[in-house]
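Have the sequence and the structure open as you read.

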Amino acid sequence: MASLVSNSEKQILTGLYRDTFDTFSRDIVIFKEPIKEELITGPSNPGLFGFGDGQVEREYTYTPVSGVFPAIVRYINFKGNIASKELIDETNAFMQFGEVTIKVKPDCHQFIQNGKTEKFYFDDKDFFFDGDFKAMPFLGALYYIYQLKVKS
């Protein structure tokens with residue numbers, strides 16, 4: 001099927017889209033579930049020949065996992081506690097969103113999807129998921145939109 005947009009025009013348009021993303025994006029911090037490592041410590045009083053009041057105590061250390069990625073952050077207007085419905089240009093439909101949406105690149109999307117994501121941090125606030133992601137393809141370029149809510 002023939003395309004109305006030539007390959008060179010696609011490169012120009014996706015380059016402009018990428019430049020717009022780079023201009024309006026800012027860094028956000030994404031916190032994943034920490035890595036739990038078990039430390040086995042011996043009993044403080046092992047007793048004679050291994051008998052006595054000593055039982056092996058288990059202690060754990062947690063290694064934080066986080067990543068910093070560029071994202072376009074968009075706050076949605078609220079009236080009281082009710083989310084507003086907004087016309088989405090890409091789909092030409094009204095959709096109800098959470099308090100905040102972020103648009104991210106595929107590398108950030110992979111980081112979010114790989115394992116459990118605990119929270120997002122930007123603007124001195126913690127945020128959490130408020131729905132599933134939406135893939136937003138544009139002439140071969142791919143971005144993802146996540147709906148977030150402020151962590152209370």
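## A pair with K119

D126 has a relative accessibility of 24%, so it counts as partly exposed. Keep in mind that this is a predicted model. The partner of D126 is K119, and the two make a salt bridge whose closest N and O atoms sit 3.4 Å apart. K119 is partly exposed too, with a relative accessible area of 23%.

Another links K105 to D22, with 3.3 Å between the closest N and O atoms. K105 sits in the loop between β7 (100-104) and α2 (106-113), while D22 belongs to helix α1, so this pair ties together parts that are 83 residues apart in sequence. K105 is partly exposed, at 22% relative accessible area, and D22 is partly exposed at 42%.

Then there's D123 with R26, whose side chains meet at 2.4 Å, N to O. D123 is in the loop between β8 (117-122) and β9 (125-129) and R26 is in strand β1 (residues 26-41), so the bridge joins parts 97 residues apart in sequence. D123 comes out at 33% relative accessibility, partly exposed, and R26 at 32% is partly exposed as well.

## Helix α1, inside and out

Now for the helix that holds D22.

Which residues of α1 are buried? They are T14, G15 and F21. These residues cover an arc of only 120° around the axis, which means they lie on the same side of α1. In general, an α-helix has 3.6 residues a turn, so residues three or four places apart point the same way. Turn to the face of α1 that looks away from its buried side and you find the exposed residues I12, T23 and F24.

## A nonpolar patch

I12 turns up again on the surface: together with L13, L16 and L139 it forms a nonpolar patch with about 340 Å² of accessible area. L13 lies in α1, which runs over residues 7-24. With 33% relative accessibility, L13 counts as partly exposed, and patch members need over 30% relative accessible area.

Technical notes
Residues numbered from 1 in each chain as written. Predicted model: local features only at pLDDT ≥ 70, side-chain atom pairs only at ≥ 80, totals over all residues. Heavy atoms only, no water. Patch = residues over 30% accessible without salt bridge, like charges linked within 9 Å, V, L, I, M, F, W, Y side chains within 5 Å. Areas by Shrake-Rupley, 256 points an atom, 1.4 Å probe, with all protein chains shown as cover. Salt bridge = Lys/Arg side-chain N within 4 Å of Asp/Glu carboxyl O. Helix = DSSP H or I, 4+ residues; strand = E, 2+ residues; numbered from the N terminus. Buried < 20%, exposed > 50% of the residue type's maximum accessible area, 1.4 Å probe, protein only. Arc of directions from axis to C-beta.
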